[in-house]
Every structure is written in C-alpha cells, then in structure tokens.
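Visitor: Could you walk me through how to read a helix and a ligand site? I'm new to this.

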Amino acid sequence: MPRDSRAQPPILKEGLRIGRPKKTAAGLVGVQKSFSIGLKEAGLKRTLQTMTTVNRFDGYDCPGCAWPDPDDHRSTFEFCENGAKAFATEATKKRVTPSSLGKISVTELSNLSDMDLDKMGRITHPMFLREGSDYYEEIEWNEAFRIISTSINQTESPENVVLYTSGRASNEAAFLWGTLARQIGTNNLPDCSNMCHESSGVALSKSIGIGKGTVKLSCFDEADLILVIGQNPGTNHPRMLTALAGCKENGGSVVSINPLEETAMKRFKHPQKPLHLIGRGTQIADEHLPVRIGGDAALLQGFAKVVLSHGAVNTDFVSRNTSGFEKWKEHINSASWEEIELQSGISRESIERVGEAIAKSERMIVCWAMGLTQHENSVAVIQEVANLLLVGGHFGKPGAGACPVRGHSNVQGDRTVGINHHPSEEFLSSCEEGTGISMPRDRGYDVVEFIQAALEGNVGIYMALGGNLISAMSDTERVAEAIRKIDLTVQISTKLNRSHLVTGREALILPCLGRTEKDPGGFVTVENSMGRVHSSKGSLEPASEFLLSEPEIVSRIGEALFPEGPLDWKIYHDHENTRYLISRCVSGFEDFNSRVRSRGGFYLPNGPRDGPTWSTPSGKAQFFCHDLPDRKIDDTRFIMMTVRSHDQYNTTIYGMDDRYRGIYNARRVVMMNEKDMLEIGASPGQEVDLTSHWGERMTHSERWKVVPYDIPRGNLCSYFPEANVLVPLESTAEGSNTPTSKWIEVSISLRT
Ligand SMILES: Nc1nc2c(c(=O)[nH]1)N[C@H]1C(S)=C(S)[C@@H](COP(=O)(O)OP(=O)(O)OC[C@H]3O[C@@H](n4cnc5c(=O)[nH]c(N)nc54)[C@H](O)[C@@H]3O)O[C@H]1N2
Ligand SMILES: Nc1nc2c(c(=O)[nH]1)N[C@H]1C(S)=C(S)[C@@H](COP(=O)(O)OP(=O)(O)OC[C@H]3O[C@@H](n4cnc5c(=O)[nH]c(N)nc54)[C@H](O)[C@@H]3O)O[C@H]1N2
Ligand SMILES: [Mo]
C-alpha cells in the first residue's frame with residue numbers, strides 16, 4: 001500500500017478559550033503541575049525517582065534546557081515545571097511496540113496530532129519501513145546495522161550521506177557521530193544549532209573569538225544590570241528566574257526587551273522557597289521595552305548612542321583589548337534617531353533612560369535567545385550586543401559578559417566535540433592524530449543546504465541522532481518533498497514523531513535509552529550553557545530490554561561499516577573509552593575521565609571570561625559596524641514570529657495550554673494587537689487564513705484563530721511547529737543561514 005503521510009499536523013477542532021495573561025510565574029501551580037504530569041505519565045515510584053535524581057551531582061542532567069545548576073550546592077529538587085514535563089514524558093509507562101505499530105499504518109499515524117504521537121509512549125524495538133509498505137515491522141539490531149552499512153557502501157559518494165544531530169545527545173554520542181561522519185568521508189553534519197544559536201556562534205566568534213557565552217551562573221548574583229532580550233525564561237528556562245531574582249535581591253536591575261511582556265519577567269515565585277509560594281514573589285523586570293519584531297538592531301544602536309553621548313567608554317579596556325572602536329563610534333554617532341525610533345518602536349525617551357543605566361553599569365550581562373537569532377540580520381544584531389558589552393569593558397570580570405541562553409541541554413557540548421559542518425583545521429588535525437582516521441576538509445551541509453541538496457536528489461542516506469527535523473525545519477512541505485527523495489532515512493529516537501512518518505523510500509527507527517535510564521556503558525557527560533562539563537547518570541530501568549545507548553548504536557554502525565579499523569569501534573560501547581578518545585582529540589578535555597569525576601565537573605577554557613584574551617585573527621576583540629536593515633513591507637502585511645507555548649518542548653507537544661499567556665485548549669492561534677484586529681474587522685476567536693510572502697512566492701495556511709494580545713502593531717505571533725510551513729526555505733540569516741522563524745512576512749484574510 002503506498003504511503004500518503006502528512007507532513008503538517010492535522011487541523012483538529014480546538015475549543016479555544018482566551019483568558020488573561022498571568023501576572024506571576026512558577027509558584028505553587030508550578031509545583032503542582034510538575035507532580036501531576038509525572039504521576040500521570042510515569043507513576044509514583046518512577047516520578048519520585050526521577051525527581052530526586054535530576055541535576056544532582058550523582059544524578060542525570062535534566063533533558064529540558066541547558067541552563068546550568070549551581071556549581072557548589074544542589075537542593076533536593078533541582079528542576080522546574082517544564083523540566084518535569086520533559087523527564088516525565090521520557091519516564092512514561094506507555095510503550096510503542098511492534099504489535100501496536102503493526103496495527104496502524106504510517107499514513108493513519110500521520111493523521112494524529114503531534115501531542116497524540118508523543119503520548120503513544122516509548123519505542124521498544126528497532127523497526128523497519130520497507131519500500132512501498134505503509135507499516136513498520138520489527139527488525140533485529142544486526143539486520144538494521146547491515147542495511148545501513150550496505151546502503152552507505154553503495155552510495156555514489158560520501159557527499160550523499162548526511163548525519164543530523166539534535167542537541168540532547170551526550171558528548172560521547174556526539175563525538176562518535178562526528179567521527180563516524182568523517183570516517184565515511186563527509187562533514188555533512190547539520191544540527192539543531194543551525195536553526196537555533198548558530199547566529200550567536202558566528203557573531204561572537206568574529207567579535208570576541210569564541211562562539212559561546214562568557215559568564216558563569218554566579219555572575220548573576222554580582223551583576224548590577226541584566227538585559228534579557230528576545231527570550232522567554234519563564235517557559236523555556238525557568239531556573240534562570242532564580243538567577244535573575246538573585247540579581248534583584250542584591251540590588252541589580254533587569255530590563256526585558258521583547259515584543260511581548262512575558263509573564264515571568266513580571267513576577268516570579270520561587271517554587272522551592274516556601275515564603276515565595278505564599279507571598280507576592282520577586283518583581284523581575286524593572287523596565288520592559290516592547291520592541292517591534294526585528295527592531296533590536298535599531299534599539300541597540302540607540303543604547304550605544306546614549307553610552308557614547310555620556311562619554312561612558314571604558315577607554316582603558318577598549319584601547320588594550322579591542323580594535324575598530326573609532327570607526328564604530330563614528331558609525332553610531334551618525335545613526336539617525338528618527339530611524340531608530342521608527343524601527344524599534346521605542347521612544348527616544350525610553351531608550352535614553354535604559355541607555356543611561358547601561359552607561360552607568362559596571363557589571364552588565366546581556367542574555368538572549370531565539371528572539372535575536374532567527375532573523376535575517378541576526379549575526380549583525382548579536383554583534384551590536386557584543387559592541388555594547390565591549391564599549392563598557394564587560395569582559396574578564398565577574399558579574400559581566402555575554403550570555404546566549406542555549407536551548408537543548410547539550411547543544412553546546414555537541415558543537416564543542418565536533419558536531420560542526422565546517423570544523424576548523426586545528427580540530428580536524430587533532431582528531432586525525434587521536435583516531436588515526438584521515439578526515440575530509442570540504443565544508444559540509446547545514447540544515448538548509450541539506451534540504452536543498454535532497455530536493456535536487458543529491459542525498460542518498462540521512463541519519464538522525466535524535467530530533468524531529470521535519471517539524472523543526474522551516475518550509476514544512478518542501479522539507480517533506482526533499483526527505484521523500486532520499487533512499488534510506490534512519491532515526492535514532494526515544495518517542496514517535498513526524499520524522500518517522502515522512503521518510504525516505506525505506507526507513508529505520510533505532511530506539512535508544514533516554515537520559516533518565518540505566519546505561520550499561522556507564523555515565524555520559526554534557527556541557528551546560530556556561531561551558532561547564534559534567535556527568536549525567538540515569539537510574540530508571542530502561543523502557544525496554546531491546547534499547548541500546550546512543551553511543552553503542554553509533555559504534556555498532558561504525559563496526560559494521562569499518563571492521564578493518566583504524567578505530568576499534570566496538571570498544572566505544574563503554575563511555576570511559578570514548579572519553580579517553582575525546583581527551584586525545586579535543587582541546588580543553590585533557591585528563592577528561594578523572595576531571596569529570598570531581599563534584600559538578602569542570603569549566604572549559606574561555607578566553608574572554610578567564611583573561612580576557614581574544615582568539616581572533618588580530619588577537620583583539622573587534623567592533624563591527626552594521627547599517628540598520630532596510631526592509632519595507634507592504635502596509636497591508638504583518639510580520640509574524642513563531643514561539644513556544646508553555647506546554648511544549650520544541651516539536652514535542654505536552655498539552656494544549658499556554659497558561660502564562662492565557663491561551664487555552666488551542667495551538668492554531670495567531671496573537672494580534674486589538675487595534676489591528678479592529679482595522680481588519682477580526683473578532684476574538686475569528687478564523688483567518690495566513691499567506692506568507694517571499695518575493696513572488698506565496699504559501700498559504702488555513703484556519704488560524706485570532707487572539708487579541710498585547711503585541712506591537714503590525715506584529716503577529718503564532719506557535720512553532722504549526723506555523724513552520726509559512727517560513728520560506730530561502731529566508732535565512734545572513735552569515736549563519738538560520739531560518740528566519742521570527743520574521744515572516746504574512747497577509748491575513750478573514751474566513752467567512
Ligand atoms: N519548556 C521548554 N523549554 C525549552 C524549549 C521548549 O520548547 N520548551 N526549547 C529549548 C530550546 S531548543 C531553545 S533554543 C530555547 C528557546 O528559548 P526562547 O528563545 O525563549 O524561545 P521562544 O519561544 O522561541 O521565544 C523567543 C522570545 O523572543 C521574543 N521575540 C521574538 N522576536 C523577537 C524580536 O525580534 N526581538 C526581541 N527582542 N524579541 C523577540 C518572543 O516574544 C519570545 O519571548 O528554549 C529551550 N527550553
Ligand atoms: N518556526 C520555528 N521553528 C523552529 C524554532 C522556532 O523557534 N520557530 N526553533 C528551532 C530550534 S531553537 C531548535 S533547537 C529546533 C529543534 O529541533 P530538533 O532538536 O530536531 O527537535 P526536537 O523537537 O527537540 O526533537 C524531539 C525528538 O527528539 C527525540 N528524543 C527525545 N529525547 C531523546 C534522546 O534522549 N535521544 C534521542 N536519540 N532522541 C530523543 C524524540 O523522538 C523527540 O520526538 O527547532 C527549530 N525550529
Ligand atoms: Mo534550540
């Protein structure tokens with residue numbers, strides 16, 4: 001039976017209820033929610049076991065976000081409501097077995113919502129989807145590895161093989177995965193980072209010589225000013241609120257810069273402090289600037305103008321550490337206030353007020369996430385952030401620095417150990433020496449280039465270490481078209497998702513152990529958002545006896561493909577051996593096995609933080625000048641951003657509510673300013689169709705419900721992944737090629 005599976009989730013009847021956005025984040029409801037989700041999915045025993053071992057020195061790393069844990073102490077419960085959702089769904093008692101998959105076709109499965117797919121539970125056996133069949137069937141592990149190795153051996157060129165990584169993979173799994181790709185002969189290692197913080201990496205590497213943040217968690221207690229730009233910590237990094245509250249309690253200020261006033265930035269009640277649960281909690285943001293979507297470049301230049309006009313340049317730091325200051329100063333002085341106000345949507349008065357605070361700050365941290373990274377000019381905007389930090393000398397001292405807040409719990413580590421489609425010569429030659437494998441030098445594909453190559457029929461095999469690329473990528477239907485052209489697609493996964501349903505001609509599912517589970521290979525390691533490498537060890541009984549750890553799956557593919565060496569792949573089921581190999585290949589990991597055993601692990605070297613020193617070609621940090629974007633959009637059109645609701649982890653949907661924003665029981669919604677609603681004649685809950693525009697190309701998406709929301713005029717907001725179909729494949733950030741998921745030009749038509 002031919003497959004006809006759908007790439008987009010089905011449009012289901014949703015009973016949208018619109019409430020008021022919440023004034024306070026976390027607190028008792030957060031605690032309650034954590035327990036109830038756990039109980040429902042995993043039962044009491046497994047819930048308690050996961051809750052008492054998460055983020056402990058000897059426990060497992062929360063598979064939620066990459067926010068760090070305190071360096072020197074841990075509380076009994078070191079997690080948040082949304083982390084609890086992440087580990088409860090992994091620890092679920094529900095199972096997807098060969099017999100349950102044998103009863104329902106892939107096409108039928110694709111008519112389920114993403115939430116229902118995930119709720120089917122953990123995959124228990126390796127499964128194979130044969131060419132022409134619409135049903136997965138059970139397959140032996142050895143047979144699966146044979147199919148993969150035969151298929152790779154038969155492809156025309158290593159360039160036709162692509163290995164994707166999602167940022168939950170451990171350092172051990174990721175290092176082996178990158179090494180496998182390079183032994184096959186390719187750097188085709190696209191990863192979720194390409195859709196996430198790639199812009200931060202590209203921008204910061206050029207500005208300050210390292211593509212990572214430069215602060216430690218303890219810096220939050222010491223900062224006198226923290227800017228939180230384009231980030232929703234209450235939902236996506238709830239433990240960050242404790243750090244922001246710490247800054248407030250020590251007399252510092254927090255400024256939120258976001259088209260939406262996200263709940264947690266108003267008030268926060270610490271779920272682990274009893275008095276907080278009853279009291280009013282801590283007010284987080286002292287000031288909220290409702291910037292227009294894409295208006296940050298202008299706003300940051302406005303701040304810089306104020307800093308310069310106050311003569312608040314740290315001249316000693318600037319002259320010793322930087323280059324390009326004079327040119328930048330001229331550039332900023334010539335920027336027009338009128339344009340700055342217009343693009344940012346913020347009055348000069350407000351910009352001056354916050355600008356003055358920046359000018360006075362001695363220890364400033366700037367935090368940001370997807371609100372800055374997923375725009376056409378993201379690299380430029382992040383370099384404006386770096387400029388602002390440089391002019392005040394906010395590097396190389398406690399309480400100050402850059403803080404790109406990472407998403408997936410090990411996305412930063414994966415990049416450090418080699419998940420990179422354009423690795424440096426230094427990295428490759430060191431890996432060659434450590435592994436004995438000669439490695440390719442040609443640049444590989446990022447996610448967008450991979451899809452473009454597959455559309456042209458140039459990808460034979462695609463293997464994914466976790467993730468759900470079909471739903472995570474822009475331009476859903478074109479991505480599906482590309483994937484369907486591939487001969488064999490392989491997903492190493494824990495739960496079912498749409499990437500198991502929209503596949504190549506043949507497809508394999510290789511089910512793996514999750515973070516929470518006992519691993520016969522020992523503990524694994526991860527790197528948090530602040531560059532600290534530490535262990536992660538699960539203790540739950542595995543969901544099925546047939547699961548293998550991710551590193552074992554990768555090493556068994558290596559074994560099947562390269563029985564002759566030079567690497568003895570079979571010893572890498574044991575993570576200790578892999579760490580030894582990493583210590584020989586990756587700088588900063590010397591003596592890895594013993595250092596990672598110290599309490600809480602160790603920090604990787606970080607020039608701008610530890611020195612400051614700068615690994616740039618000039619040996620100095622660099623000021624960059626960028627003109628403000630010149631984008632005119634038609635008066636009748638809107639700019640739409642796509643964000644996460646409170647009830648999802650990327651493409652995994654836990655529930656239908658976005659509690660903090662007061663939107664219940666619906667996901668196919670578009671938030672809109674009430675004045676704009678009036679102008680187009682839309683009422684709350686009204687059904688509309690959306691069309692995105694990219695040059696002449698138009699993409700339609702039907703049946704969205706309008707929700708009146710406090711958002712700048714001309715701006716709209718919808719949820720990822722439902723709205724991804726509207727993001728054009730070619731619409732990407734300059735320099736990082738990240739899809740512009742926060743800048744989609746759309747028009748709206750009312751449905752009658
Ligand atoms: N519970 C939970 N935790 C998660 C995730 C999850 O899905 N669920 N995902 C993880 C991952 S991989 C990541 S990358 C992070 C994502 O963490 P966030 O970046 O916080 O996630 P988004 O929901 O994309 O929110 C982006 C924020 O940027 C704002 N924004 C959009 N456009 C602009 C703009 O032009 N300018 C400014 N200043 N702001 C803008 C939006 O209003 C929104 O508040 O979270 C991680 N943690
Ligand atoms: N429109 C729009 N698109 C976006 C974004 C946006 O803000 N807007 N954000 C982008 C961002 S920041 C990111 S990071 C990407 C996310 O892209 P991905 O990382 O590809 O997607 P996830 O939804 O995190 O992947 C979820 C799947 O991972 C698998 N999984 C879970 N745990 C494990 C594990 O322990 N091991 C293995 N092997 N598999 C596991 C499960 O099968 C689950 O279904 O999406 C991007 N796409
Ligand atoms: Mo991300």
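Guide: Start with the terms: helices (H or I, at least four residues) and strands (E, at least two) are DSSP runs, numbered from the N terminus. The expected span of a helix is 1.5 Å times one less than its number of residues. This is a predicted model, where local features need pLDDT of at least 70 and side-chain atom pairs count only at pLDDT 80 or more, while totals for chains, interfaces and linings use all residues. Residues are numbered from 1 along each chain as its sequence is written, chains are lettered from A and ligands numbered from 1 in the order written, and side-chain values use heavy atoms, leaving out hydrogens and water.

Visitor: How many residues does helix H13 have?

Guide: Helix H13, residues 296–309, has 14, and from first C-alpha to last it reaches 20 Å, close to the 20 Å expected at 1.5 Å a residue. After H13 comes Gly311, with a positive phi near 60 degrees.

Visitor: Which residues are closest to ligand 1?

Guide: A residue counts as near if one of its heavy atoms lies within 4 Å. Here 32 residues surround ligand 1, and Asn258, Glu262, Asp296, Gln648 and Asn650 are the closest.

Visitor: Where does ligand 1 lie relative to the domains?

Guide: Domain bounds come from an automatic or database assignment. Domain 2 (198–404) and domain 3 (638–750) both give residues to the shell, so ligand 1 lies between them.

Visitor: What about polar atoms?

Guide: For a ligand, look for a pair of N or O atoms within 3.5 Å. A polar side-chain atom of Asn258 is 2.7 Å from an oxygen atom of ligand 1.

Terms used:
A polar contact is a pair of N or O atoms within 3.5 Å; within protein, one must be able to donate a hydrogen and the other to accept it, and residues adjacent in sequence count only if both atoms are side-chain atoms.
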